[in-house]
Number of protein chains: 2
Amino acid sequence: MAKKNRNSGCPVSNSLDIWGDKWSLLIVRDLMYEKQCTYGDFLKSEEKIATNILATKLQILEAEEIISKSQHPESKAKFLYKLTEKGISLLPVLIEIYLWGEQYFELSENHKKFLQDVKKDKEAFLKRAQENLRKAL
Amino acid sequence: MAKKNRNSGCPVSNSLDIWGDKWSLLIVRDLMYEKQCTYGDFLKSEEKIATNILATKLQILEAEEIISKSQHPESKAKFLYKLTEKGISLLPVLIEIYLWGEQYFELSENHKKFLQDVKKDKEAFLKRAQENLRKAL
């Protein structure tokens, strides 16, 4: 993939221009867990994303090749969203956000278990999780 | 510091509620480089943050104890902003954003050099950079 020349020479600023908002990162989080989601699946997340925001964020993430959209195999009226390779490479960012949050917030039991698994061996976890997501590409 | 019980049991969602936007993370980035900044220093960054957005984000980050504000030693009219321990612990998130951005954007020479240093030994870099920032606490 050709590297883009954006307004800023700072990779942080350029990256945040694409996905530097709560909802985009929660979409990536959902796809990290579920591998593939329909539009309706995203609406079910506990954060209750508004349908107009979801539609806009999915469009941007698809245009930026962070996610891909394909016909649902069981319904012509539905689409399936998955992370692309570019989206899968956001996993280390997500995991560091998890680990930061763990220090400052009370977590649900599910999240505690997930983070125990991450912390046993972070590099191995990332490799395994990324390989797993690549199978769905 | 007591852990907060937020709306969501998800540490990603709770974290992004505080600093999950471009401008907050660019403020953290500036403080990571400079250790301490005045209001005017933030305005000089190439992303040209609007003064009303800067004021709001600084207030939120201070209320959430990500940054601290103190009287400038040389001027009663100025304040110095620094990262707190909670802010310094955001460094691993920032570094992963850098590394993601490096894969997809053209970087300036300064950023290339910075990332070469990071990639030599990421853990050692983080430890060194965090210790350095703690000296300014």
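In chain A, the axes of helix 2, residues 22-34, and helix 4, residues 51-63, come within 10 Å and cross at roughly 75°. Helices here are DSSP runs of H or I with at least four residues, strands are runs of E with at least two, and both are numbered from the N terminus. The axes are lines fitted to C-alpha atoms, for helices over the stretch in contact, and the angles run from 0 to 180 degrees between N-to-C directions. Helix 2 of chain A and helix 4 of chain A are therefore roughly perpendicular to each other; that label covers 65 to 115 degrees, while under 35 is roughly parallel, over 145 roughly antiparallel and the rest oblique.

This is a predicted model, in which local features need pLDDT of at least 70, side-chain atom pairs count only at pLDDT 80 or more, and totals for chains, interfaces and linings use all residues. Residues are numbered from 1 along each chain as its sequence is written, chains are lettered from A and ligands numbered from 1 in the order in which they are written, and side-chain values use heavy atoms, with hydrogens and water left out.

Which residues meet between helix 2 and helix 4 of chain A? From helix 2 there are Trp23(A), Ser24(A) and Ile27(A); from helix 4, Ile53(A), Leu54(A), Lys57(A), Leu58(A) and Leu61(A). Contact means heavy atoms within 4.5 Å. By class, this contact of helix 2 with helix 4 in chain A has six nonpolar residues, one polar and one charged. Nonpolar means Ala, Val, Leu, Ile, Met, Phe, Trp, Tyr, Cys and Pro; charged means Asp, Glu, Lys and Arg; the others, Gly among them, are polar.

Now chain B. Its helix 2 and helix 4 have axes that come within 10 Å and cross at roughly 75°.

How do the two chains relate? Chain A can be laid on chain B with an RMSD of 0.0 Å by a turn of 180° and a shift of 0.0 Å along the axis. That is the relation of a two-fold axis. In chain A, the C-alpha nearest the axis belongs to Asp21(A), at 2.3 Å. The superposition is by least squares on the C-alpha atoms of residues with pLDDT of at least 70 in both copies. Of the interface residues of chain A, 100% are also interface residues in chain B, so the copies meet through the same surface.

Two serines come next. Ser15(A) is found in helix 1 of chain A, residues 11-19. Is Ser15(A) buried or exposed? Ser15(A) is buried, with a relative accessible area of 0%; buried means under 20%, exposed over 50%, and partly exposed in between, with a 1.4 Å probe and protein chains only. A polar atom of the Ser15(A) side chain lies 2.6 Å from the backbone oxygen of Pro11(A). Beyond four places in sequence, Ser15(A) is in contact with Gly20(A), and with Ile97(B), Trp100(B), Gly101(B) and Phe105(B).

Ser89(B) sits in the loop between helix 5 (85-88) and helix 6 (91-104) of chain B. At 12% relative accessibility, Ser89(B) also counts as buried. The backbone oxygen of Lys86(B) is 2.8 Å from a polar atom of the Ser89(B) side chain. Leaving aside neighbours within four places in sequence, Ser89(B) contacts Trp100(A), Gln103(A), Tyr104(A) and Gln130(B).

Last, Lys69(A), in strand 2 of chain A, residues 67-72. At 37% relative accessibility, Lys69(A) counts as partly exposed. Not counting residues up to four places away in sequence, Lys69(A) touches Glu62(A), Phe79(A), Leu80(A) and Tyr81(A).

Technical notes: A polar contact is a pair of N or O atoms within 3.5 Å; within protein, one must be able to donate a hydrogen and the other to accept it, and residues adjacent in sequence count only if both atoms are side-chain atoms.
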